[in-house]
Amino acid sequence: MTKTLESYCAPAAEATRQFGDLLVHKGLITPADLAQALREQREKGGRLGEVLLGLRLIDDQALGRTLAEHLSIEYLTLDDATRIDTQIARTLPESIAKRFCLIVLQEDQGKLLTAMADPLDVVAIDTVMLKMQRPIRPMISAASDIRRAIETLYHGSDVEERQLRDLLAGEDTADEAHEAVTIEEHPQAETESEEAANQAPVIRFVDLLLRQAVKNRASDIHIEPQADATAVRLRVDGLLREVVPPPKKMHAAVAARIKILAQMNIAERRLPQDGRLRIRASGREIDVRVSTIPTIYGEKVAMRVLDSGAVTPDLNRLGIEPTALLELKSMLARPHGIIIVTGPTGSGKSTTCYAALNYLKSATSNITTVEDPVEYRLAGINQIQVKPEIGLDFARCLRAILRQDPDIVLIGESRDKETVEIAIKAAMTGHLVLTTFHTNDAPSTISRLTHMGIERYLLSSTLNLIVAQRLVRRICDTCKEPVALTNEILRRLRIDRERAAGTVFYRGRGCHACDKTGYHGRLPIFEFLIVDEDIAERITAGQNDAEIRRAVRNKGRGDLLDSGVRAVLQGQTTAEEVIRVASMTDE
């Protein structure tokens, strides 16, 4: 009977133990790690490799190399140096490549060299051979490498870049528009601005820009008028990067086109406006929030891309460390009290809250949210959009919600004293309340609330948990390489030399897959402040942020910097990235 790679990771298979022992022998995991993974596997099922990755006990590069050694099959790292014959590779439909997690690289001596996550999957091999009408030679690569290579091969951002350049150079790219985004348009009276906005080059530019933003995983698009030019920038993994801009003469028409799509008043250019549009790109519906503001050189347009397909509202997949995850689930299991998720804009607070609601969702619970705006729609949950222009603000919504027999309430953001007071009232009358806040870390949330006029005894009796979080950029797996850290960086990370001596630190060299940045994607870091009896007494006694912070550290709980350092030690992010995001806590 032919064994597949799956058989080596299948629950209860003999080869599972053999493969696990090899990982231990190579020092990639400890015997305790293996025991933990096997327990998890028995409880929840799945392959051993998947369980190890889910527990963050190993990275998929090391896992792939060990599997290759175990199976005596060549391992291939897919990076810029990998030669891919795109003409041959694209002959294989993308659906097959994604289904079996494989990519055809090139032809060699009549065989197709094919990188596969499962190189002995007979069904995958037969499917590719039947489609391509040629034999293949399988090699093994990390699944993340293959998925990234597939995205680059079939949907690389260079395609959109080239189309934008061709468009602005006056070339006809109509034949390449077959995958353009579909935009929901709305009728509006004809004006001169609308006529300019409906010119083909303007329509095509906006279409390609939105498409490129989705493909690049951008969270925001900025179209900025300048004295003699227009700048266009996308925020990818938290940082802005420039893309091909339209000529200055097109700026007003581009802004008008976006305002038409977002049902905004295109005749009003003197006041800020907000709107919303929906596009269909990459096979899914994506909401885009639009904001315009007048500047001395014209209207600046900012668009927030709300791609629910790029969000993972699954508590177990957020990247929370196992111990902290158990604590969070314990707090969510309480029938009443307040859980606050705090951090700056764009730190992932909404994703954490949505993941918590998905975890809590059940047929026996009535969950209601009040948000501004409703960023993602969740099935089985009552979501309310506030509308201040008609008097439907957070406070009014919350007062009405409490008459709707709720079990769990999510307040999108606690912005004022009245909203917080209603949240406290809800918690004291037997409801579980989740909300977000804006502070630098968890302890400072308490002082901010007291400065708003909230009594300390109310906070100590209703607060269950404060979670502070940030997002740090993840090292690109394709160009990941070891790096030495200076003594100054080690000091700022609070890592002693002895600990550093036995650790390999990494950085991203920069490659095509990560657009030369060295990073691809982001991961969260967290700080947990559990309001137990001791912390509650300290809050009531009026202790300041520093005193509460010391008390939390004395209990063995780290801050944001500690969480970031653990990600550095696990090879997930760089020291510089953690210092950039979390060094404010290094006091």
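This is a predicted model: local features need pLDDT of at least 70, side-chain atom pairs count only at pLDDT 80 or more; totals for chains, interfaces and linings use all residues.
**Entry 1: helix α15**

I looked up which residues of α15 are buried (under 20% relative accessible area, with exposed over 50% and partly exposed in between, for a 1.4 Å probe and protein chains only), and I found Lys349, Thr352, Cys353, Tyr354, Ala355, Ala356, Leu357 and Leu360. Helices here are DSSP runs of H or I with at least four residues, strands are runs of E with at least two, and both are numbered from the N terminus.

Residues are numbered from 1 along each chain as its sequence is written, and side-chain values use heavy atoms, with hydrogens and water left out.

Next I checked the length of α15: its 12 residues, 349-360, reach 17 Å from first C-alpha to last. That is close to the expected 16 Å, taken as 1.5 Å times one less than the number of residues.

**Entry 2: the sheet of 7 strands**

I then traced an open sheet with the order β13-β12-β14-β15-β11-β16-β19 and mixed pairing; two strands pair if DSSP finds at least two bridges between them. Its edge strands, each pairing on one side only, are β13 (382-385) and β19 (519-530). From one strand to the next, the twist averages 20 degrees.

Inside this sheet I picked out β14 (408-411) and β15 (432-437), which run parallel and are joined by 4 bridges. Valine 409 has valine 433 of β15 as its bridge partner. Helix α15 packs on the sheet and touches β11, β12, β13, β14, β15, β16 and β19; contact means heavy atoms within 4.5 Å. The direction of α15 makes about 165 degrees with that of β15. For such angles, axes are lines fitted to C-alpha atoms (for helices, over the stretch in contact), and values run from 0 to 180 degrees between N-to-C directions. I also noted α14 (322-332), which lies across β11, β15, β16 and β19 and runs at about 60 degrees to β19.

I found β1 and β2 (111-116) running antiparallel, joined by 6 bridges, with glutamate 107 opposite leucine 112 in β2.

**Entry 3: leucine 23**

Beyond its neighbours within four places in sequence, leucine 23 is in contact with Leu28, Ile29, Leu52, Ile58, Leu63 and Thr66. Its C-alpha is 9.2 Å from that of alanine 62, which is 39 residues away along the chain.

**Entry 4: helix α18**

Last, I turned to α18 (443-451), which is mostly covered, with 7 of its 9 residues buried. The buried ones are Pro443, Ser444, Thr445, Ile446, Ser447, Leu449 and Thr450. Just after α18, I noted that glycine 453 takes a positive phi of about 105 degrees.
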